[in-house]
Every structure is written in C-alpha cells, then in structure tokens.
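Here is a short report on one protein chain. Look at the sequence and the 3D view first, then read on.

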Amino acid sequence: MRNSTFVLSVLFLTTLTLCGCSGSNRRSGITGTVTLGGTVLSEGNIIFTPIDAQSGDAAIAGAQIANGKYAIDATPGLVPGDYMVSFVATRNIPGKTKKITGTSGKQVEVPVTENIIPDDYGIKTEQKVTVTQGRNRYDFDIPALTEE
C-alpha cells in the first residue's frame, strides 16, 4: 500500500509539473541510462526532486524509463540546481493475482507486484545530482535488491 501511494503521488506531481511549466528558456534537459544489478532496467520511472534549486521555479519532474533509457527535454525540463533522484520499478509475482474493482464497477483480477528497487534508490533515496544549464547526462547503476 505504501509503494502504491508513493507511485500515485509521484505520477500526480509529475503530471502537474509537465502541465504547468513556464519560463522554459531557463530549464535544462537531462538524459541517461539506468541499470539494475548490471542489467538494463526494462521499465520504470525516474523522479527528480529539487533540493536547492537556484530559482523558485524548480519543481518535481520525472520520466519513464524504457529499455534502460530516460529523457526529459529542456521543455518542460529542470531548473539548474541540486536534485534528489529516486526510482520506481516493480515486477509481477508469478502466479499471484488479486481482485480489485475496475472502472466499470466489476471485479477484475490483476497481477500482484513487488518493488525491485532498493530503498536507498527509491522511497528513501540517497542519490543526488546537480543539473547545470544546457544538456545533462546521468547514468545510474542501481544495485540489485537483496533478499533479507
């Protein structure tokens, strides 16, 4: 439940950021790659949360990760400054499903998922980057989640 709430919050904030940007000439693009345990992360999300941006225009921004790559264009982009970087990615648990109420009001079966990102790259991220004016590139190699 905690991960679902986190994901929904990030998606909501990302949508607001992408819809409400102004002053894009001061914003910078960012691209990069993401691996998990040395293997390309096939899908997920990357989220940039401002720490100490140089302007009050800074906002949370995010992008989808597809085939290990992500990109945020200069429009809407990121205001130069320091950002915490977090990742969200899940996988289906084979053979496990649950019933939920669909949009039609009927019960539907959906796969049960589990988080595959270690907390220090996810909900308790310790990852930081500095975005500068112009194009930026940051590649991330996330260690594989270990069983406890």
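## Buried or exposed

A residue counts as buried when its relative accessible area is under 20%, and as exposed when that area is over 50%. By this rule, both Phe87 and Phe140 are buried. Tyr121 is buried as well.

The mean pLDDT of the chain is 84. Of its residues, 79% reach 70 or more.

One stretch needs care. Over residues 11-24, pLDDT stays under 50. For this stretch the model has 11 contacts beyond four places in sequence. Where pLDDT is low, the predicted coordinates should not be read in detail.

## Aromatic pairs

How many aromatic pairs does a search of the whole structure find? It finds four. One of them joins Phe87 and Tyr121, with ring centres 6.3 Å apart. Their planes stand at 45 degrees, so the pair is tilted. Phe87 lies in strand E6 (residues 81-88), while Tyr121 lies in the loop between strand E8 (107-115) and strand E9 (127-131). The pair therefore ties together parts that are 34 residues apart in sequence.

Phe87 also pairs with Phe140. One aromatic cluster takes in Phe48, Tyr70, Phe87, Tyr121 and Phe140.

## The nonpolar core

In soluble globular proteins, nonpolar side chains tend to be buried together. In this model, the largest nonpolar core has 25 residues. Among those with the most contacts inside this core are Val34, Ile46, Tyr83 and Phe87.

Which strands each supply at least two residues of this core? They are strand E1 (30-36), strand E3 (43-50), strand E4 (61-66), strand E5 (69-72), E6, E9 and E11.

## A closer look at Tyr70

Tyr70 is another of the residues with the most contacts inside the core. Leaving out residues up to four places away in sequence, Tyr70 touches several others, including Val34, Ile46, Phe48, Ala63 and Phe140.

E5 has a partner strand. E1 and E5 pair in the antiparallel sense, over four bridges. Gly32 stands opposite Tyr70 in E5. Tyr70 also touches Gly32.

Conventions: Residues are numbered from 1 along each chain as its sequence is written. This is a predicted model: local features need pLDDT of at least 70, side-chain atom pairs count only at pLDDT 80 or more; totals for chains, interfaces and linings use all residues. Side-chain values use heavy atoms; hydrogens and water are left out. pLDDT is the predictor's confidence in each residue, from 0 to 100. Contact means heavy atoms within 4.5 Å. Rings of Phe, Tyr and Trp (its six-membered ring) pair if their centres lie within 6.5 Å; planes under 30 degrees apart count as stacked, over 60 as edge-to-face and the rest as tilted. Buried means under 20% relative accessible area, exposed over 50%, partly exposed in between (1.4 Å probe, protein chains only). A nonpolar core is a set of buried Ala, Val, Leu, Ile, Met, Phe, Trp, Tyr and Cys residues joined through side-chain atoms within 4.5 Å. Two strands pair if DSSP finds at least two bridges between them.
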